[in-house]
Amino acid sequence: MVRERPVERDTRSGRLPSRRLAGGAAGARVAFAMSAPAAGTGHRPAILVVEDDPDVRAMVARLLGTIGTVTAVANGVEALAVLRGGTTTDLVVTDVMMPLMDGVTLAKELKRDPQLSRIPVLMLTAKSSPMSMIEGINAGARQYLTKPFKPDDLLAKARKALAK
């Protein structure tokens with residue numbers, strides 16, 4: 001399942017939209033249901049997607065919605081608000097370059113907070129230089145994936161981060 005905050009309901013039926021693609025504004029949100037928990041597990045990991053580009057955010061949320069319950073936000077400030085607001089999160093997938101708070105700063109903030117430091121971080125970015133990767137890993141990222149990426153690579157890295 002994928003959810004972004006706030007999720008708007010259909011005013012006539014009261015149901016969540018099956019798909020609402022984000023517009024161009026920062027903070028635009030998307031919500032749609034995905035597959036049920038894997039047979040026999042009963043638990044779907046909670047994944048927070050942090051991406052300022054609404055189209056990329058929607059795509060990443062849809063992909064990760066196949067393996068977990070996704071909440072998606074547009075920047076690191078929104079991510080910290082969600083995380084510090086008591087939402088249980090098993091994985092943070094963040095872009096590096098974003099307004100207000102970038103992914104490296106977000107990872108450092110998570111690492112500094114004793115209650116959030118256990119959450120693995122997967123950085124998803126267009127920055128592909130070795131120095132950028134080292135900076136991301138030093139900030140606290142467990143995985144680093146450069147854009148453009150293959151959907152299977154994202155899913156494999158997310159599963160690996162969740163398994164540890």
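Guide: Let us begin with the inventory of elements. This is a predicted model, and its chain has five helices and six strands.

Visitor: In what pattern do these elements follow along the sequence?

Guide: Reading along the sequence, one finds β-β-α-β-α-β-α-β-α-β-α.

Visitor: How does one read the packing of two helices, for example H2 and H3?

Guide: One considers the distance between the axes and the angle between them. For helix H2 (residues 76-84) and H3, the axes come within 9 Å and cross at roughly 25 degrees. Angles under 35 degrees count as roughly parallel, so H2 is roughly parallel to H3. The crossing of H2 past H3 is right-handed.

Visitor: Which residues of H2 and H3 meet?

Guide: From H2 come Gly 76, Ala 79, Leu 80, Leu 83 and Arg 84, and they meet Leu 106, Glu 109 and Leu 110 of H3. By class, this contact of H2 with H3 comprises five nonpolar, one polar and two charged residues.

Visitor: At what angle do H3 and H4 pack?

Guide: Helix H3 (residues 103-112) packs with helix H4 (residues 130-139) at an angle of about 25 degrees, and their axes are 8 Å apart. H3 and H4 are therefore roughly parallel to each other. In this contact, Val 104, Ala 107, Lys 108 and Lys 111 of H3 meet Glu 135, Asn 138 and Ala 139 of H4. The residues of the contact divide into three nonpolar, one polar and three charged.

Visitor: What share of the chain is buried?

Guide: Of the 164 residues in the chain, 46% are buried. The chain exposes about 8,300 Å², and carbon and sulfur atoms supply 55% of that area.

Technical notes. Residues numbered from 1 in each chain as written. Predicted model: local features only at pLDDT ≥ 70, side-chain atom pairs only at ≥ 80, totals over all residues. Heavy atoms only, no water. Axes fitted to C-alpha atoms, helices over the stretch in contact; angles between N-to-C directions. Helix = DSSP H or I, 4+ residues; strand = E, 2+ residues; numbered from the N terminus. Parallel < 35°, antiparallel > 145°, perpendicular 65-115°, else oblique. Contact = heavy atoms within 4.5 Å. Nonpolar A, V, L, I, M, F, W, Y, C, P; charged D, E, K, R; others polar. Buried < 20%, exposed > 50% of the residue type's maximum accessible area, 1.4 Å probe, protein only. Areas by Shrake-Rupley, 256 points an atom, 1.4 Å probe, with all protein chains shown as cover. Left-handed = near helix turned anticlockwise from the far one by under 90°.
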